[in-house]
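These notebook entries record what I looked up in the structure shown below. I began with the ligand and then turned to the backbone and the chain as a whole.

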Amino acid sequence: MAKGKLTTVFFCNNCGYESSKWMGQCPGCHSWNTMVEETVNKNAHKVRSGAGVSPLYSDNKPMKLSNIELSEEDKINTHISELDRVLGGGIVQGSLLLVGGDPGIGKSTLLLQVCRNLSLDKVSVLYISGEESLKQIKMRAERIGDFDESLSLFCETDLSVIEETIKKEKPKVVVIDSIQTMFSEDISSAPGSVSQVREATALFLRLAKSMSISIFIVGHVTKEGTVAGPRVLEHMVDTVLYFEGDRHAAYRILRGVKNRFGSTNEIGVFEMRNDGLCEVKNPSEYMLSGRPVKASGSVVVCAMEGTRPLLIELQALVCHTGFGIPRRQTTGADINRVNLLMAVLEKRLGLKLGECDAYVNVAGGMRLSEPAIDLAIILAIVSSYKDRNIPMDVVTFGEVGLSGEVRSVSMVKERVQEAYKLGFRTCIIPKSSIGQLTNIEGKMNLIGVDTVREALDKI
Ligand code: TYD
Ligand code: MG
């Protein structure tokens, strides 16, 4: 342990706010009960923030924008197209990427697959694991497939040793699995604590920028659903990816939450198989498999995830309540939005939903937050309420306003094209959007509606 004056400080687990005394509410992010006690070495901090710190970029001087040259090699292709799309075309050289997700979701598997593809392309890769032994990684690697010799594995958690190794080996891509196991001797608190995580990330940031290495950092998600010290980490890294999905279901969704080099909200869909993660090229087809035939309360909606349209089944179950206060429950949709839409139905169409329990479910475990699914929620609820099924080849989308009007949404063309591709032939969509669909008009039955009442008359 390094010598120096040890002091106790309190860190907010959520935003990294530092305080000398404990507080119930963090003044930084206003969340409650997030302050944790840690001992830090004050002298060690002084050394790091002093004059001896190496600059982020080597030969640092102002440059004209027009003099900076970009080349194709600045983005490294991983050959996993679902991941490349979320990354915005590939791994940007010198970037720091955080991959978060629940334990056991498949972060290590995905990154090992990335390492495999890169090493087959003769890109030098270093996989540093603080969680598994070399033999355990080898066992996982054997399930995944053949590897090239250029992939090096290293089991270490001490940051100073890792720094030395990276400087000596000079790999192009490094994977750190996971940030919560890394520790610096200069800091007395335990691995995984806010100060350790922050210190480790700062070191990797320095290495990434000064040596132009792309570094993937794996971060486990805590019980509260966030990576330990998320804001501390998230603002330091270039890209934040979250791996979501039910651990018991086979599919996994990789979501870009922050990306300095591409658009966010892109998703990549994977399936966990015996031989590792496999890309799902046509997620709409995958999401619609197992759809009930001729059941009331079920409708297909076309939602956008980033630049990609996704067809998803939306289900509702409306039944008479046994209690005074009706029960409302949603999975994958916003409960407040559902309550609002039910109020619209009650007021504008006179449905007696006040006496009914209502359950809304987005099939396939997806979470949808776009207002474009409003019309589908309404159709599903009314279909279940009246016990009348919606034809199987109908797809719908549109935002619903408080007076029951149906408003247009973005990317209409992409949505309708995706529906056509998967064999849907009837679209119930906002009337104002029909004008954009001249190329597909003859092939599909496009029903434009202005109000919710009109939409319900059509089914
Ligand atoms: P892992 O990548 O270890 O998760 P994380 O690093 O996010 O904690 O994934 C482990 C899970 O994946 C485990 O439940 C087993 C499963 N798995 C497969 O189904 N097939 C495979 O080929 C591999 C390597 C793992
Ligand atoms: Mg792991």
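Entry 1, ligand contacts. I took a polar contact to be a pair of N or O atoms within 3.5 Å. The model is predicted, and I read every distance with that in mind. With this cut-off, I noted an oxygen atom of ligand 1 at 2.9 Å from a polar backbone atom of Asn274. I then looked up Lys107, where a polar backbone atom lies 2.8 Å from an oxygen atom of ligand 1. For Ser108 I turned to the side chain, which places an N or O atom 2.5 Å from an oxygen atom of the ligand.

On its own, ligand 1 has 560 Å² of accessible area, and I found that the protein covers 76% of it. I recorded helix H3 (107–120), helix H4 (134–144) and strand S13 (267–273) as the elements that each give two or more residues to the shell. H3 gives the most, with 3 residues. I counted 15 residues around ligand 1, of which Gly104, Ser108, Thr109, Arg273 and Gly276 come nearest.

I searched for exceptions, since most residues other than glycine have a negative phi and most peptide bonds are trans. The bond from Asp177 to Ser178 is cis, with omega near -5 degrees. I located Ser178 in the loop that runs between strand S9 (173–177) and helix H6 (194–211).

I also noted a positive phi, near 55 degrees, at Ser212, a residue other than glycine. Ser212 sits in the loop between H6 and strand S10 (214–220).

I placed Lys294 in the loop between helix H8 (283–288) and strand S15 (298–305). Its relative accessibility is 66%, so I listed Lys294 as exposed.

I recorded 12 helices and 23 strands. The C-alpha trace spans about 75 × 50 × 50 Å along its principal axes. Of the 459 residues, 49% are buried. Among contacts with a separation of 6 or more, I found that 68% join residues 24 or more positions apart.

The accessible surface is about 21,600 Å², and carbon and sulfur atoms hold 51% of it. I counted 54 positive and 55 negative side chains, with the centres of the two sets 3 Å apart.

Conventions. Residues numbered from 1 in each chain as written. Chains lettered and ligands numbered in written order. Predicted model: local features only at pLDDT ≥ 70, side-chain atom pairs only at ≥ 80, totals over all residues. Heavy atoms only, no water. Helix = DSSP H or I, 4+ residues; strand = E, 2+ residues; numbered from the N terminus. Buried < 20%, exposed > 50% of the residue type's maximum accessible area, 1.4 Å probe, protein only. Contact = heavy atoms within 4.5 Å. Areas by Shrake-Rupley, 256 points an atom, 1.4 Å probe, with all protein chains shown as cover. Lys, Arg positive; Asp, Glu negative; His and termini not counted. Charge placed at Lys NZ, Arg CZ, Asp CG, Glu CD. Near = heavy atom within 4 Å. Polar contact = N/O pair within 3.5 Å; in protein donor to acceptor, adjacent residues only side chain to side chain.
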